[in-house]
Amino acid sequence: MRVLGVDPGLTRCGVGVVEGVPGRQCSLVAYYVVHTDPDDELPLRLLHIDRSLTDLVAEHRPDAVAVERVFSQHNVRTVMGTAQASGIAVLAGARAGLPVQTYTPSEVKAAVTGSGQADKAQMTAMVTRLLRLPEPPRPADAADALALAICHVWRGGTRSKLAAAADRARRGGAR
């Protein structure tokens, strides 16, 4: 399974692509950070994120897209930009006909480190170790995007298989 993970942000949007199967070590395909200029108008910034994510989905042909679920922060302006970038990421996956799953930061932390309370340094260290990278992915937005992709391979892959099995059982039981 190839997963494109997105750590949404209006100024820096992390994107990571990994391959793997549930229960096994994942491998790195690529990672990026899409930057927008805070001085540009919002529509142009969102358009740049949309075009970049659309291009990356087309280039890497993932089986699924995993996006960090926006959570409430104290800075409303920051959360609005993050929510807008998140919507663009969900749209990019949906437009390509891909399953899109969102994960909370604590779900990703628990999947990758074993603790939903892990800090950024622990997350980056585990992503580096899990993907057998010679050095940590920089900036942190890229490491977070890779963590989302790993989380989906390990959790979402299993979740998708369970949902498909339940759907088959419903259809088979209805006959």
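Leaving aside neighbours within four places in sequence, aspartate 141 is in contact (heavy atoms within 4.5 Å) with Asp7, Arg12, Gly14 and Val33. The model is predicted: local features need pLDDT of at least 70, side-chain atom pairs count only at pLDDT 80 or more, and totals for chains, interfaces and linings use all residues. Residues are numbered from 1 along each chain as its sequence is written, and side-chain values use heavy atoms, with hydrogens and water left out.

Aspartate 141 is found in helix H5. Helices (H or I, at least four residues) and strands (E, at least two) are DSSP runs, numbered from the N terminus. The side chain of aspartate 141 makes a polar contact with the side chain of arginine 12, at 2.7 Å. A polar contact is a pair of N or O atoms within 3.5 Å; within protein, one must be able to donate a hydrogen and the other to accept it, and residues adjacent in sequence count only if both atoms are side-chain atoms. Aspartate 141 counts as buried, because its relative accessibility is 11%. Buried means under 20% relative accessible area, exposed over 50%, partly exposed in between (1.4 Å probe, protein chains only).

An unreviewed UniProt entry places the feature "active site" at Asp7, Glu68 and Asp141. These residues span 135 residues in sequence, yet no two of their C-alpha atoms are more than 11.1 Å apart, so they gather at one spot. UniProt positions are given in the numbering used here, feature names are shortened, and annotations may be inferred rather than shown by experiment. Glutamate 68 is found in strand E4. At 16% relative accessibility, glutamate 68 is buried. Not counting residues up to four places away in sequence, glutamate 68 touches Asp7 and Leu148, among others.

Now to helix H4, residues 120-130. Met123, Thr124, Val127, Thr128 and Leu130 are buried there. Residues three or four places apart in an α-helix point the same way, because the helix has 3.6 residues a turn. At the start of H4, a side-chain oxygen of aspartate 119 reaches to within 3.2 Å of the backbone nitrogen of alanine 121. Lysine 109, in helix H3, is 10 residues from aspartate 119 in sequence and 8.3 Å away in space, C-alpha to C-alpha.

Last, the backbone. Most residues other than glycine have a negative phi, and most peptide bonds are trans. Arginine 132 follows H4 and has a positive phi, near 55°. Arginine 132 is exposed, at 52% relative accessible area. The peptide bond from arginine 138 to proline 139 is cis, with omega near -5°.
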